[in-house]
Amino acid sequence: MISIKNLHKTFNPGTINEVYALRGVDLEVQSGEWITVIGTNGSGKSTLLNAIAGSFQPDQGSIQIDDEDLTAFPSHRRAHLVARVFQNPFQGTAPNMTIAENLHLASLRGKQRLPLVHFGKARIEEYAQLIKTLEMQLENRLDNVIGMLSGGQRQAITLLMAVMTKPKVILLDEHTAALDPKTAAQIIRLTRRFIEENHFTAVMVTHSMQQALELGTRTIMMNKGQIIDDLDTQVKKRLTVNDLLDKFAELRKAEQLTDEMLDRLRREYM
Amino acid sequence: MELWLGAFNLGLMYGFLALGVFITSRILDFADITVDGTFTTGAAVGAVFLVQGMHPVLAILLAFLAGMVCGSITGFIHTKFKIDSLLAGILVMTALYSVNLHIMGRSNIPLMNSRSIISLLEGINPGLHSEIWLMIVMSVIMAIIWIITALFFRTDLGLTLRSTGDNAIMTEAGGVNVNAVKVFGVALANGFVAIAGCFIAQYQGFADVGMGIGTLVIGLASVIMGETVIKSRSIGVKLLAVILGAVIYRYMIALALFAGMNPIDLKLITALFVLITLILSHWSKIRKTRIKRHPVLYWILLAAVIIGGSSYYLVHQNIRKSQKNNQVKSFKIGVVQISQNGILNITRDAFLKEMKRLGYDENTEFIIQSADSDISTLNTILDSFQSADCDLILTISTPATQAAVNKISDTPLVFATVANPFVFGAGKSETEHRANVTGTYGWVPMDQLVDLSQEIFPQKKIVGTMGNPGEANTNFYLEILRNTVHHNPELSLKERTISAPTDVYEASVSLVNQGAEVFILPVDNIIYSSFDSILKAAAPHQIPIFSSDVDRLKDGALVSYGYDYASSGIQAAHLVQRILNGEDPAGIPFERYKKMVFGLNLKVAHDYGIEIPDRFIDRADKIIEPNGSVTSKTPTIGLVEFSEHPTSTSVKRGVYDALADQGFVNGINIEITERSGNADFQMINAITQDFIARDVDIIVPLSTPCLQSALQMTAKTFSPDIVFSFVSDPFAAGAGQDATHHISNVTGFSCVLFCDEVLDAIQEFFPQRKNIGVVWNSSEANSQSILKEFRAVCKERNFNLLEVTISTPNEVLEATRSVIHKGADLIMCTGDNTVSTSFDSVIKAASARKIPVVSDNVQHVAAGAVMSVGTDFYINGYDAGRYVARVIKGEKPADLPIIPTKQMEITVNSDIAAKYGWEIPSSLLDRAKIVGKRPIRKFAPEAMAINLRLAKEYGVTISDKILATAQEVIK
């Protein structure tokens, strides 16, 4: 389904802020696979996700989805194949527009935007049915602007909007990181339901070792712009969170991480 | 009424602007200043096609498309090259200024005679007031536009447009090319703004390259106002709110103008209002107070403003009405100019000063407004004039006149300081023009300026010039200049375009570098205000400057040749006076400026080492001497009167009026020093000496003693020139032998005693009275000569003349009593100055004995004489004033014959006649002017019929005398 070959990207080349973010990433994702991506800060996991979404042009390498080479496509030309859910719950929805309008916009994913009114009563009824599935009692609030909702509600709607048109690939970028644990769990439940019901191909970046191991069919581990480990379903089942932390400890040894930093890692990932 | 309807209609038209600005600022979150340019583009495109006869609706659609093109360029620059939206807008707006000029081909296109949406609507007007009809139609149009736009924002594209502004990242992730959407949105917004511009141009009757200035702020103010008044999350309501906001904005402007606020402050107030609104909403966010509470506050505020405004209006109206009832005649004159610049201010001040001098002072209200370069404000000002019921509107400058001519057809309009009123449809020729319009105009003959430069500098062949193509007048002048140079193969022209005072220095330097040998400058407001920059570039290279602006001579131009803009205001004041006196403007031809001023700066010539031939110096009206002193040939006039009395005042009024009619007004282009001798001969001599010491150009003595003094003081030098008035016998006073043989520096108009006419009138009025008493000062030359003639005529006609001579005013009472004692049964005053000074004494003595006083002086009638027969002194003064003007213009007094004023008048005081029971004979009633409160019943005997039968029935007796005059008698 997704085929990434030898991907390189340097941001701000030649400046004091130069970052060599991706250093030759190769990744093959099969249809229906749900990959979780973990790694330290600056390891390149979000950059990889952005590369698939088309936020920037890679310096080298190629990206194919369904045997179609998308490397040169800007993100809006991939939108019919790829949907994203951002870490920031405010980024996924238009705050000054109503829930119904946002859902309608989501329904137009990858389609031509003509000056025709499709946003009628029938559609709104459809969206009401759809939003019922979130079980958040939002079906009566379709006329409310999104800006009045809580972060969790907004992230749930974003999720719904991402899967509505059933794109081939779903990209989840730490989409629960900014939520409180209870809401996060709720969103994770929804995520699992949507992906498993629809057999989406998904790539999910996470900070939580727990999530990384519990969710998905495969986990990759990134460090310094490279994939350093690739764990399939079988391996994942055997691993615990501590095993993963040990992996980071190994990295620490290799890179002379201080205890203090390890502590911080532990706090972050537990 | 027009003010409020006009504001509503303007508001609806500005609604398009508000919608456009709403789309960029609120929906796209894009600070787009392009609108300042596209507003004009819309007007320009519309105007160009309308002039060619295109259907107005089609023209508006094309304006819309043109606006969209402009907007898409800004959008493209912003999205493609990642240039800040504000900067991209500024770039395109700046470029559009030139583009707009190219589209129009000139800075201003009049639409008066073209079919426009307004004339189209007027054509289907079912008979309503035109503004009301426009209001109805515009409301319908805006309602349709509102529905369409509200619907549009529910379409897939509309929703995407909104989400792009709301959350571009999400929208892009949804598969939308947000850059393309942004470009489309900015284009759409600018399309709307262009429509607004196109509508406004048609409404005001012309497109002008400067009409877009400040458009964005107006749009933002409308949006903010709309949002504050109506708070809603619904896009449809928001759109309605901003259209309403535009209407409210226009109302605020109208109200501010109505309340008498200076339009200069309008922009400041708009900016403050926007700022306060922004701070308030920000503050409410910080305090987390509910924003929803604010609309109530605003509604209350708005209601207060409306109620306050309308009650002020009503009260104001009532006060005005009562004032109208109380005063015999009061006028209200609206004065409007496009901006506060030097030339226009000179015209305005001269106009006001002259109006005051003409007596339009306390009884006349002048509403003085400047539009501060904003053409829509101009329209609102005109509306406010109409709603204030102005009797007349004076428009100073071309844009102000153009707007007024287009808008106003029922109030007289007088324009001033307009170069060419024919280009914008005020008229076809000086006499064939719009019925309610007249005024003064004139353009500086640039060709003569070129000729002058060639006469003085035959070897300088490269002419440098510059001007702002945005000014209609400048283009006009430059065109004349180009043609003149074009027709002289030896000359070449270097031209630079300027659009701001900051360009002037650079343009001048570049002209100098290109080899310009002489600068010839047109009348241009930018040049006017930044002349120093030109001088700075030209002076080091000793390049002479020929300016068409007289004011710039003192600043360092070598030659100035042009109009004195004061005279434009003065001439306009005289036209205004004629209209206020009841003349129909339709019958008053446009007047060209009368006075052209040729100025030379010899200091500059000296500094540059240029020798100016004497013949030019002789021709110059104004010279700046090498030492810097201005021997301003502003002619100086010393006017001296015997004493201040009504006759003298009347003469003076005549002199001033005549001068003003010739374009000369005291304090502006002539300097008149006025002195009274207080009936003291020594004092008069001192005054004359003072005049000569001050080197005045002309002495104007009013009265014989003053003339004598002036003659005496100039007997050896024959200078300065003397133009007298109010003198009975100038030859007796020593001015010469006869009309053509007189002292070379003296001329004037005499006022003779019309001896026969006096005696005729006395004979008719008082057939029984044959003993005429005269009191006179034997040392007054005029009295001597008059008495000599009068004596002879009296003898010839069998009147008995009794004379008593005096030497001071104090003796008049005694002398009058004595002449009555001698047997005089009628007192005659013969224009003796001493007697006139204490005329009250004459009346006192005569009335005690019920003896009638007859005078040669009309002023005495109001002071107690029963009749006057004599020269019309105002006309006498006017005649002399015309001589003064001719002398100023260069004629020699020796060539002007000394002749009497021919205008004679008889005036009878009916009150005095009635008081003493003197019956005024009908023969006199026919020829005399009657003054006094008592009505004189004047029957036309040839038309009178009397019914005696009815008279008998009513028991009325009708005297034989009356019966004798009746033409038909029913027995």
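1. Chain B has 971 residues, of which 52% are buried. A residue counts as buried if 20 or more other C-beta atoms lie within 10 Å of its own, as exposed if 12 or fewer do, and as partly exposed in between, with C-beta atoms placed from the backbone. Chain B holds 38 helices and 31 strands. Helices (H or I, at least four residues) and strands (E, at least two) are DSSP runs, numbered from the N terminus. Among the contacts in chain B with a separation of 6 or more, 73% join residues 24 or more positions apart. Two residues are in contact if their C-beta atoms, placed from the backbone, lie within 7 Å.

2. A word on the source. The model is predicted: local features need pLDDT of at least 70 and side-chain atom pairs count only at pLDDT 80 or more, while totals for chains, interfaces and linings use all residues. Residues are numbered from 1 along each chain as its sequence is written, and chains are lettered from A and ligands numbered from 1 in the order in which they are written.

3. Chain A has 270 residues, and 41% of them are buried. Chain A contains 9 helices and 10 strands. Of its contacts with a separation of 6 or more, 70% are between residues 24 or more positions apart.

4. Where do the chains meet? Across the interface, 22 residues of chain B contact 27 residues of chain A. On the chain B side, the elements giving two or more residues are helix H6 (130–152), helix H7 (156–166) and helix H8 (168–173). H7(B) provides the largest share of that side, 8 residues. By class, the chain B side has 8 nonpolar, 8 polar and 6 charged residues. Here Ala, Val, Leu, Ile, Met, Phe, Trp, Tyr, Cys and Pro count as nonpolar, Asp, Glu, Lys and Arg as charged, and the others, Gly among them, as polar.

5. The largest nonpolar core has 287 residues, and B:Ala196, B:Leu394, B:Val700 and B:Val884 touch the most other members. Helix H9 (residues 178–204) of chain B gives the largest share of this core, 18 residues. A nonpolar core is a set of buried Ala, Val, Leu, Ile, Met, Phe, Trp, Tyr and Cys residues joined through C-beta atoms within 7 Å. Leaving out residues up to four places away in sequence, B:Val884 touches B:Ile637, B:Val655, B:Leu659, B:Ile698, B:Val700 and B:Val723. Another core, of 72 residues, lies apart from the largest one and includes A:Met97, A:Ile146, A:Ile187 and A:Met222. In soluble globular proteins, nonpolar side chains tend to be buried together.

6. In chain B, the axes of helix H26 (residues 681–693) and helix H27 (residues 704–713) come within 9 Å and cross at roughly 50°. Axes are lines fitted to C-alpha atoms, for helices over the stretch in contact, and angles run from 0 to 180 degrees between N-to-C directions. H26(B) and H27(B) are therefore oblique to each other; angles under 35 degrees count as roughly parallel, over 145 as roughly antiparallel, 65 to 115 as roughly perpendicular and the rest as oblique. Residues in this contact include B:Phe681 and B:Ile692 of H26(B) and B:Pro705 and B:Met713 of H27(B). The contact divides into 7 nonpolar, 4 polar and no charged residues.

7. Helix H15 (residues 375–387) and helix H16 (residues 398–407) of chain B have axes that come within 10 Å and cross at roughly 50°. H15(B) and H16(B) are therefore oblique to each other. H15(B) contributes B:Ile375, B:Leu378, B:Asn379 and B:Leu382, and H16(B) contributes B:Pro399, B:Ala400, B:Ala403, B:Ala404 and B:Lys407. This contact of H15(B) with H16(B) has 7 nonpolar, 1 polar and 1 charged residues.

8. Some backbone details deserve a check. The peptide bond from B:Ser719 to B:Pro720 is cis, with omega near 0°, and B:Pro720 lies in the loop between H27 and strand E20 (721–727) of chain B. A:Glu135, not a glycine, has a positive phi of about 55°. A:Glu135 counts as exposed because it has 12 C-beta neighbours inside 10 Å.
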